[in-house]
Amino acid sequence: MLIGRHQAMAALRSDPGGRLERSAYTLLSRIEAEGPMTIGQLADAFGLDTSTVNRQTAAMLRQNLVERIPDPAGGIARKLRITEEGLRRLHHDREWSLNGLASVLADWPQDEVAALARLLTRLNRSIEGKEGRSWPRPGDPGTADR
């Protein structure tokens, strides 16, 4: 809870209105990791109703963060692909978050930072296992090369 509050308050202080919404950041991150996806694939990936994802992606389309493309594999459903603007904003926000986290951990000993990273990875993988939904990571099979 404190991490989220810290990030939200820091975002308001440093760049009001400039951050992606949390849902856009999350969806864009998934599309970046896996490549173009349909609304149904995104809904399945997050365990959300397709109407929820449809509303979120409609907002992203209006902001030119994603674009609809034909399925490269020839499927009927159109897929969402990140635009250059979407990728730029995603990377900007990711860098901002990492820099903020680095400032919070700046006075931690390196071994404690490494232990935190290891334990957070373990926690995330345990949650993924319980939900039956894994998050694609660089080097994992099926992860898009970017």
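**Reading one predicted chain, feature by feature**

Tutor: Let's start with Trp135, which counts as partly exposed because its relative accessibility is 26%. Buried means under 20% relative accessible area, exposed means over 50%, and partly exposed is in between (1.4 Å probe, protein chains only). Please remember that this is a predicted model, where local features need pLDDT of at least 70 and side-chain atom pairs count only at pLDDT 80 or more, while totals for chains, interfaces and linings use all residues. Residues are numbered from 1 along each chain as its sequence is written, and side-chain values use heavy atoms, with hydrogens and water left out.

Student: Which residue forms an aromatic pair with Trp135?

Tutor: Two rings of Phe, Tyr or Trp (its six-membered ring) pair if their centres lie within 6.5 Å; planes under 30 degrees apart are stacked, over 60 edge-to-face, and the rest tilted. This structure holds one aromatic pair. The partners are Phe46 and Trp135, with 5.8 Å from centre to centre and 55 degrees between the planes, a tilted arrangement. Phe46 belongs to helix H3 (residues 39-46) and Trp135 to the segment after helix H6 (110-131), so the pair ties together parts that are 89 residues apart in sequence.

Student: What sits over the ring of Phe46?

Tutor: A charge sits over a ring if NZ of Lys or CZ of Arg is within 6 Å of the ring centre and within 35 degrees of the ring normal. Here, the charged end of Arg30 sits over the ring of Phe46, 5.7 Å from its centre. The side chain of Arg30 also makes a polar contact with the side chain of Glu34, at 2.5 Å. (A polar contact is a pair of N or O atoms within 3.5 Å; within protein, one must be able to donate a hydrogen and the other to accept it, and residues adjacent in sequence count only if both atoms are side-chain atoms.) Glu34 is in helix H2 (residues 22-34) and is partly exposed, with a relative accessible area of 30%. The C-alpha atoms of Glu34 and Trp135 are separated by 9.5 Å, although these residues are 101 places apart along the chain.

Student: How many helices and strands are in the chain?

Tutor: The chain has six helices and two strands, read as DSSP runs numbered from the N terminus (helices are H or I, at least four residues; strands are E, at least two). Their order from the N terminus is α-α-α-α-β-β-α-α.

Student: Which residues have the most contacts inside the largest nonpolar core?

Tutor: A nonpolar core is a set of buried Ala, Val, Leu, Ile, Met, Phe, Trp, Tyr and Cys residues joined through side-chain atoms within 4.5 Å. The largest one in this model has 18 residues, and Leu28, Ile31, Leu42 and Met60 have the most contacts inside it. H2, H3, helix H4 (50-62), strand S2 (79-82) and helix H5 (84-104) each give it two or more residues. Leaving aside neighbours within four places in sequence, Leu28 is in contact (heavy atoms within 4.5 Å) with residues including Leu20, Met60, Ile82 and Leu90. Across the chain of 146 residues, 27% count as buried.

Student: Is Lys79 buried or exposed?

Tutor: Lys79 is buried, since its relative accessible area is 13%. This residue is found in strand S2. Beyond its neighbours within four places in sequence, Lys79 has contacts that include Pro36, Gln41, Glu67 and Asp71.

Student: What is phi of Asn64 near?

Tutor: Most residues other than glycine have a negative phi. Asn64 has a positive value, near 60 degrees. You will find Asn64 in the loop between H4 and strand S1 (66-69), partly exposed at a relative accessible area of 43%.
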